[in-house]
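Reader: I'm new to this one and would like a close look at a single part of it. Could you show me the structure, and then walk me through what surrounds that part?

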Amino acid sequence: MVCHGDDLGLLRGDGVFDTTRIVTAQDGTSRIDHLEEHLSRFARSISGVDGPSPDMDSWNHLIEDAARSWRIPGEAALKLVYTTGREVVPGPPRGFLIIVPLSETHKEEREGIDVLCLSRGVTSESFADAPWLLGGVKTLSYAVNVAALRHAKSQGADDVIFTSTEGYLLEGATSGLVVEAADGLWTTPTGATGILSSITVNTVFEAADDDGVETSTRLMKRDEVLRSQGVWLLSSIRGVVPILSIDGRPAPQDDEMTHRLRVWAGFEE
């Protein structure tokens, strides 16, 4: 495949992507986590940038071919990418995929991370009547997310939790937020907040409901979370990551719930 210099995905971040985990056994056979759910979200994201309905048969064939060719044992990230096409020489949209081994940093962070709260500069309802802000769309425009992570690391932290201008916790730079409170588990509502619907969080909450653990969505602030029973960032690649501190203040820990979350997410048995 050739990427052209005037591809709008490269020039303007005009495109979308989705990422999930692929696990390859010693014999070279692979499994892909929650592929159907990721393809569905990928299609919704494409629709969000006014793209045509994707040919899912073609994407499935491409993924199957790539998974058969990828024979490196261990964990890797499977990324699906869609761009809206070229700018100077008009052409059709472009789609491709990438498989890369999971970094050691991602594996190490599963033991726990320190995070900073950073304002996203929007209210918790900014996306309610502003579809052009692409709330809930997994766009290629991740420069702000990457800049936030660079800032966090420059301050000695590992990750960030974005906040609204009112101080509500929204989501991580590349992950969803889960908090354990007395009434069960909660995560941030989608919709007006503009956050991405997390497949890992949804998977965990469905399993938790089946196990009799109450789940809900609501907005909470940092000090409320610090008084909770546990707090985690969840993603398709890192899985379930306990937060050890927020803005330098120790966060509550619940090792038993960490294990349960990982079982529900499919990262432990």
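How many positive and negative side chains does the chain have, and how far apart do the centres of the two sets lie? After that, please zoom in on E75 and tell me where it is found and which residues it touches.

Author: Happy to. Keep in mind that this is a predicted model. On charges, the chain carries 24 positive side chains and 41 negative ones, and the centres of these two sets lie 5 Å apart.

Now a bit of setting before we zoom in. The chain's secondary structure comes to 8 helices and 13 strands. Its radius of gyration is 19 Å, close to the 18 Å that the globule rule gives for 269 residues, so the chain is as compact as a globular protein of that length. Along its principal axes, the C-alpha trace spans about 55 × 45 × 35 Å. Buried residues account for 48% of the 269. Look at contacts between residues at least 6 apart in sequence, and 70% of them join residues at least 24 apart.

On to E75. You'll find it in strand β3, which covers residues 74-83. E75 counts as buried because its relative accessible area is 18%, and the cut-off for buried is under 20%. Its side chain makes a polar contact of 2.7 Å with the side chain of R110. R110 also turns up among the residues E75 touches once those up to four places away in sequence are set aside.

Definitions and conventions
Residues numbered from 1 in each chain as written. Predicted model: local features only at pLDDT ≥ 70, side-chain atom pairs only at ≥ 80, totals over all residues. Heavy atoms only, no water. Helix = DSSP H or I, 4+ residues; strand = E, 2+ residues; numbered from the N terminus. Rg over C-alpha atoms; globule rule 2.2 N^0.38 Å. Buried < 20%, exposed > 50% of the residue type's maximum accessible area, 1.4 Å probe, protein only. Contact = heavy atoms within 4.5 Å. Lys, Arg positive; Asp, Glu negative; His and termini not counted. Charge placed at Lys NZ, Arg CZ, Asp CG, Glu CD. Polar contact = N/O pair within 3.5 Å; in protein donor to acceptor, adjacent residues only side chain to side chain.
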